[in-house]
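Work through the exercises below with the model at hand. Each task is followed by a solution in steps.

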Amino acid sequence: ENRYTNQLGLQQVQAAQQNCCCETQKEILQSLLKLVVIVFAATVLGKIFTGLGFPETNIVVMYLLAVLLVARFTSGYQYGILSAVVSLLCYNYFFTEPYHTLAVNDPGYLITFSIMLTTSILTSALTTKEKLLTEEANERGKESQILYMLSSKLSDAADMEAVLRIA
């Protein structure tokens with residue numbers, strides 16, 4: 001019976017690992033979809049801003065906001081960094097001359113691109129770090145709550161038998 005229980009436990013662990021892998025793949029696809037939707041929305045808004053005669057700085061800020069949103073609503077640094085690169089490429093492709101190419105005619109744009117990319121990556125890293133620290137704090141809070149409940153139950157135990165029942 002003990003051997004059967006161990007095999008059953010092993011099967012449950014393996015099933016949980018497979019589910020975890022599937023969830024991870026699902027999370028990756030969801031994060032990439034979020035990235036694409038957010039950067040696409042920034043591009044559409046940038047086109048609207050261009051049509052309304054807004055300066056290019058507003059478009060750059062829109063892409064910085066897009067990177068910030070991607071970093072906030074996805075997990076991991078890689079999505080924020082990827083969104084920074086994709087945003088830079090979209091800005092170059094759609095909003096700098098010559099349009100609809102990745103060529104750069106004005107050397108001043110190279111400075112804009114480097115500042116935009118650096119700011120985007122730093123913003124993404126800080127946002128992701130903040131999110132991870134918040135998650136860690138929440139986990140520690142849950143652990144503290146469990147320990148408090150356990151210590152309360154143990155302090156209420158009248159004898160060793162009651163302590164063993166709690167454990």
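**Exercise 1. Which residues of H2 meet which residues of H4, and how do the two helices cross?**

Step 1. On the H2 side the contact (heavy atoms within 4.5 Å) is made by Glu-56, Val-60, Tyr-63, Leu-64, Val-67, Leu-68, Ala-71, Arg-72 and Phe-73. Their partners in H4 are Tyr-109, Thr-112, Met-116, Thr-119, Ser-120, Thr-123, Ser-124, Thr-127, Thr-128 and Lys-131.

Step 2. Sorted by class, the H2 and H4 contact holds nine nonpolar, seven polar and three charged residues. Here Ala, Val, Leu, Ile, Met, Phe, Trp, Tyr, Cys and Pro count as nonpolar, Asp, Glu, Lys and Arg as charged, and the others, Gly among them, as polar.

Step 3. This is a predicted model, in which local features need pLDDT of at least 70 and side-chain atom pairs pLDDT 80 or more, while totals for chains, interfaces and linings use all residues. Residues are numbered from 1 along each chain as its sequence is written, and side-chain values use heavy atoms, with hydrogens and water left out.

Step 4. Helix H2 covers residues 56–73 and helix H4 residues 108–156; their axes come within 8 Å and cross at roughly 25°. That makes H2 roughly parallel to H4 (angles under 35 degrees count as roughly parallel, over 145 as roughly antiparallel, 65 to 115 as roughly perpendicular and the rest as oblique). Axes are lines fitted to C-alpha atoms, for helices over the stretch in contact, with angles from 0 to 180 degrees between N-to-C directions.

Step 5. The crossing of H2 with H4 is right-handed, meaning that the near helix is turned clockwise from the far one by less than a right angle.

**Exercise 2. At what angle do H2 and H3 pack, and which residues meet?**

Step 1. The angle between H2 and H3 is about 155°, and their axes are 8 Å apart. H2 and H3 are therefore roughly antiparallel to each other.

Step 2. H2 passes H3 in a right-handed crossing.

Step 3. From H2, the residues Glu-56, Ile-59, Val-60, Tyr-63, Val-67 and Val-70 take part. In H3 they meet Tyr-79, Gly-80, Ser-83, Ala-84, Ser-87, Cys-90, Tyr-91 and Phe-95.

Step 4. By class, the contact of H2 with H3 has ten nonpolar, three polar and one charged residues.

**Exercise 3. What are the end-to-end spans of H2 and H3, and which of their residues are buried?**

Step 1. The 18 residues of H2 should span 26 Å at 1.5 Å a residue, and its end C-alpha atoms are 26 Å apart, which agrees. The expected span is 1.5 Å times one less than the number of residues.

Step 2. H3, residues 77–95, has 19 residues and reaches 26 Å from its first C-alpha to its last, close to the expected 27 Å.

**Exercise 4. How many helices and strands does the chain have?**

Step 1. The chain has five helices and zero strands (DSSP runs, numbered from the N terminus: helices H or I of at least four residues, strands E of at least two).

Step 2. Of the 167 residues in the chain, 23% are buried.

Note on methods. Buried means under 20% relative accessible area, exposed over 50%, partly exposed in between (1.4 Å probe, protein chains only).
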